[in-house]
Amino acid sequence: MLPNPMPRFLALPHRRQLLAAAAGALALGTIARRPVELGDADEDAEATPLDLAGFLTRGNALASRLVGDRSAVGQDRYLHALAGLAVRLAGVPVPAMKEQATPGYSLGFHEGGAPFTMLHWKLAPGAAIREHPHLYGNVVTLVLEGDVRIRNYELVGERDYEARGTFRVRRTCEAFLRPGGTNLVSLERNYVHGFLAGPSGARGLDITTRIRERRETPTLEIAAKPVDEAQALYEASWKSGG
Ligand SMILES: [Fe+2]
C-alpha cells in the first residue's frame with residue numbers, strides 16, 4: 001500500500017491555518033528575530049578535527065555550562081554533548097602510562113580538563129576490566145586505537161550497593177567499539193560497565209566527571225548465563241574491593 005501522501009493532521013484546512021500562523025509570525029518578526037539554536041555539543045559549522053588543546057578549550061566551556069544539571073536527563077545531555085566534541089579529537093598524544101594492578105591495564109592522564117578529568121587507558125590484547133558500578137562519576141569513553149567490547153548493566157529494582165547475596169541486573173548495552181566509538185556511563189543509565197580488549201588490544205580515553213562524593217567501588221560478579229535471555233536479565237552479586 002502506498003503511503004498517504006499527506007498526513008491527516010496536515011489536511012488542507014489545517015495547512016491553511018499553519019500557513020496563516022507562519023505568515024503572521026513572520027510579519028511580526030518573531031521568527032526572524034529568534035536566535036538560531038545551534039545545540040550544546042558543537043557550535044562549529046563543520047566537524048573539523050580537534051587537537052587536545054582545542055578540545056579542552058571547547059570542552060571545558062561546554063562542560064562547565066552543563067555540569068550543574070545532575071538529573072538523569074541533565075547527565076544524558078552533558079555526556080552526549082561532551083561526546084559530540086570528543087569524537088572530533090585527532091592526534092591525541094599518549095601521556096606517561098602507569099601499569100595498574102589489573103593485568104594488561106595501564107593508565108595515564110591529560111592535564112587541563114575541568115570539570116572533568118581525562119584519563120588515557122591502554123589494554124593489552126585480551127585484557128579485561130571487570131564490571132563495576134559508577135557511584136560518583138559519569139564517563140564518556142572514546143576509543144582511539146584497537147577494539148574493545150564494553151558491556152553496561154543496571155540493577156533491577158532498588159539500587160543497593162551493599163546488598164548481600166544475589167540480585168538481578170539487566171545488560172543495557174553491549175558494544176564492540178573501534179576508534180571513534182563512544183560509550184556513555186551516567187549515574188542513572190548504563191552505570192555499570194566492564195571492558196574486554198580485542199586481539200590487538202585497545203587504547204582510549206575516559207572523560208570522567210565526579211558529581212557525587214567519592215566512595216569505595218565494588219566489583220559486580222555476573223552469572224555467565226542469563227535468567228531471562230529476552231530481557232537480558234542476569235543474577236549478580238557484589239564483591240567488595242574489586
Ligand atoms: Fe569505570
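Student: What is the sequence spacing of the donor residues of the iron ion?

Tutor: In this predicted model, the spacing is H-x1-H-x58-H.

Student: What makes His-132, His-134 and His-193 donors of the iron ion?

Tutor: Donors are N, O and S atoms within 2.8 Å of the metal. The NE2 atoms of His-132, His-134 and His-193 lie 2.0 to 2.1 Å from the iron ion, so they meet that cut-off. His-134, in the loop between strand 4 (128–133) and strand 5 (137–155), and His-193, in strand 8 (residues 192–210), are 59 residues apart. Both of these residues are buried.

Student: Why is the pair of Trp-121 and Phe-195 called edge-to-face?

Tutor: Ring centres must lie within 6.5 Å, and planes over 60 degrees apart count as edge-to-face. For Trp-121 and Phe-195 the values are 5.6 Å centre to centre and 75° between the planes, so the term applies. Because Trp-121 belongs to strand 3 (residues 117–123) and Phe-195 to strand 8, the pair ties together parts 74 residues apart in sequence. Trp-121 and Phe-195 are both buried.

Student: Why is the pair of Phe-167 and Trp-238 called tilted?

Tutor: Stacked planes are under 30 degrees apart and edge-to-face planes over 60, the rest being tilted. The planes of Phe-167 and Trp-238 stand at 40°, with centres 5.3 Å apart, so the pair is tilted. Ring pairs link Phe-167 and Trp-238 with Tyr-161 into a cluster.

Student: How do you know that the span of helix 4 is close to the expected one?

Tutor: Helix 4 (residues 72–86) has 15 residues and reaches 21 Å from its first C-alpha to its last, against 21 Å expected at 1.5 Å a residue.

Key
Residues are numbered from 1 along each chain as its sequence is written. This is a predicted model: local features need pLDDT of at least 70, side-chain atom pairs count only at pLDDT 80 or more; totals for chains, interfaces and linings use all residues. Side-chain values use heavy atoms; hydrogens and water are left out. Donors are N, O and S atoms within 2.8 Å of the metal (3.2 Å for Na, K and Ca); water is not among the atoms, so sites may look incomplete. Helices (H or I, at least four residues) and strands (E, at least two) are DSSP runs, numbered from the N terminus. Buried means under 20% relative accessible area, exposed over 50%, partly exposed in between (1.4 Å probe, protein chains only). The expected span of a helix is 1.5 Å times one less than its number of residues. Rings of Phe, Tyr and Trp (its six-membered ring) pair if their centres lie within 6.5 Å; planes under 30 degrees apart count as stacked, over 60 as edge-to-face and the rest as tilted.
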